[in-house]
Amino acid sequence: MSETAAIPGAPSEAAIAPAAAPTASAIQAALLREPAKRELYLAALTFTSKQPEPAGRFAIEEAIDAQPQRSAFFQPAGALVDALVSFGALDEQLPEAEFDEDTEETFVDMARATYTLTAAGAEALEALSPALRLDALLEREAGRKEGFLTLMDFCAGKARTRREIDELLNAACAAEKNERHVAGMALYPSYYVDCLEKAGALTWQNGWTTTEEARAYLAVFQ
């Protein structure tokens with residue numbers, strides 16, 4: 001049986017094969033790559049996951065704009081929606097293109113675009129839930145568990161200033177060394193704040209405040 005000769009210059013099968021869909025772990029890494037946007041990305045995915053029908057673009061943007069972290073991010077909320085599509089976390093359904101007689105050009109009305117979570121996006125969202133992130137933090141930092149829970153409880157009733165948190169944790173921090181950094185370097189209350197913020201447990205709202213998800217998590221220990 002003779003083999004078919006390759007046509008010079010023609011793309012190989014590998015070159016024209018469709019790209020593999022992003023995995024949940026790849027999406028998770030993309031969401032964590034930009035800490036300033038992390039909670040905004042997760043808020044958009046959470047909002048979309050709770051809708052009984054595909055979510056409208058503007059509705060997702062409004063959910064992003066409602067987040068306390070939004071004030072630190074100056075790009076349009078739509079840029080985050082587009083990023084989530086590019087990550088493979090959201091599936092975008094666009095309306096048919098329309099013809100503008102004035103400009104004689106076709107356009108897509110993005111106000112009518114809708115979005116659903118991809119399977120990998122839903123898996124990444126679950127993996128980054130505050131409950132699982134807090135589980136991982138408290139397991140990793142078992143010796144400081146009491147300090148983390150104390151701080152979450154302290155910030156659950158009202159927004160706390162950095163000075164108030166320093167006064168709460170200074171004694172505990174002075175009693176130990178921070179073995180995760182330079183040998184002998186003192187541990188500061190900001191370490192607890194940073195860890196809890198990354199876990200989705202604290203957010204800045206005119207002071208450090210325990211998130212709704214973290215308050216629910218904290219209730220298990222009370």
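Which side chain does Arg144 meet in a salt bridge? Arg144 pairs with Glu141, at 2.8 Å from N to O. Hello everyone, let me start from that pair and walk you through the rest.

Before that, some housekeeping. This is a predicted model, so local features need pLDDT of at least 70 and side-chain atom pairs count only at pLDDT 80 or more, while totals for chains, interfaces and linings use all residues. Residues are numbered from 1 along each chain as its sequence is written, and side-chain values use heavy atoms, with hydrogens and water left out.

Now the overall picture. The chain has 11 helices and seven strands. Here helices (H or I, at least four residues) and strands (E, at least two) are DSSP runs, numbered from the N terminus. Of the 222 residues in the chain, 36% are buried. Buried means under 20% relative accessible area, exposed means over 50%, and partly exposed is in between, using a 1.4 Å probe and protein chains only. What share of the contacts with a separation of 6 or more comes from residues 24 or more positions apart? The share is 60%, where contact means heavy atoms within 4.5 Å.

Back to salt bridges. Side chains of opposite charge can pair when their charged atoms come close. The rule used here asks for a side-chain nitrogen of Lys or Arg within 4 Å of a carboxyl oxygen of Asp or Glu, and by that rule there are nine salt bridges. Is Arg144, from our opening pair, buried or exposed? Arg144 counts as buried because its relative accessibility is 8%, and Glu141, at 5%, counts as buried too. Another pair is Arg38 with Glu39, at 2.9 Å from N to O, and both of these residues are buried. Then there is Arg70 with Asp65, whose closest N and O atoms are 2.6 Å apart. In that pair Arg70 is buried, at 15% relative accessibility, whereas Asp65 is partly exposed, at 43%. Finally, Arg57, Glu61, Asp82 and Glu92 are linked in a network of salt bridges. Keep some of those names in mind for the helices.

Two packed helices are described by the angle between their axes and the distance between the axes. The axes are lines fitted to C-alpha atoms, for helices over the stretch in contact, and the angles run from 0 to 180 degrees between N-to-C directions. Please find helix α4, residues 57–65, and helix α3, residues 35–49. Their axes are 9 Å apart, and they pack at an angle of about 135°. That angle makes α3 oblique to α4. For the wording, angles under 35 degrees are roughly parallel, over 145 roughly antiparallel, 65 to 115 roughly perpendicular, and the rest oblique. α3 passes α4 in a right-handed crossing. A crossing is right-handed if the near helix is turned clockwise from the far one by less than a right angle, and left-handed if anticlockwise.

Which residues meet there? From α3 we have Leu40, Ala44, Phe47 and Thr48, and from α4 we have Ala59, Ile60, Ala63 and Ile64. By class, this contact has seven nonpolar residues, one polar and no charged ones. Nonpolar covers Ala, Val, Leu, Ile, Met, Phe, Trp, Tyr, Cys and Pro, charged covers Asp, Glu, Lys and Arg, and the others, Gly among them, are polar.

Next, α4 with helix α5, residues 77–87: the angle is about 115° and the axes are 9 Å apart. These two helices are therefore roughly perpendicular to each other, and the crossing is again right-handed. Arg57, Ile60, Glu61, Ile64 and Asp65 of α4 make the contact with Ala77, Gly78, Leu80, Val81 and Asp82 of α5. By class, that contact has five nonpolar, one polar and four charged residues.

One more stop on α4: Phe58 is found in this helix and is partly exposed, at 45% relative accessibility.

Let me finish around strand β6, residues 202–204, which holds Thr203. Thr203 counts as buried because its relative accessibility is 6%. Leaving aside neighbours within four places in sequence, Thr203 is in contact with Pro68, Gln69, Trp208, Thr209 and Thr211. In the loop between β6 and β7 (208–210) you will find Asn206. Most residues other than glycine have a negative phi. Asn206 has a positive phi of about 55°, although it is not a glycine, and Asn206 is exposed, at 77% relative accessible area.
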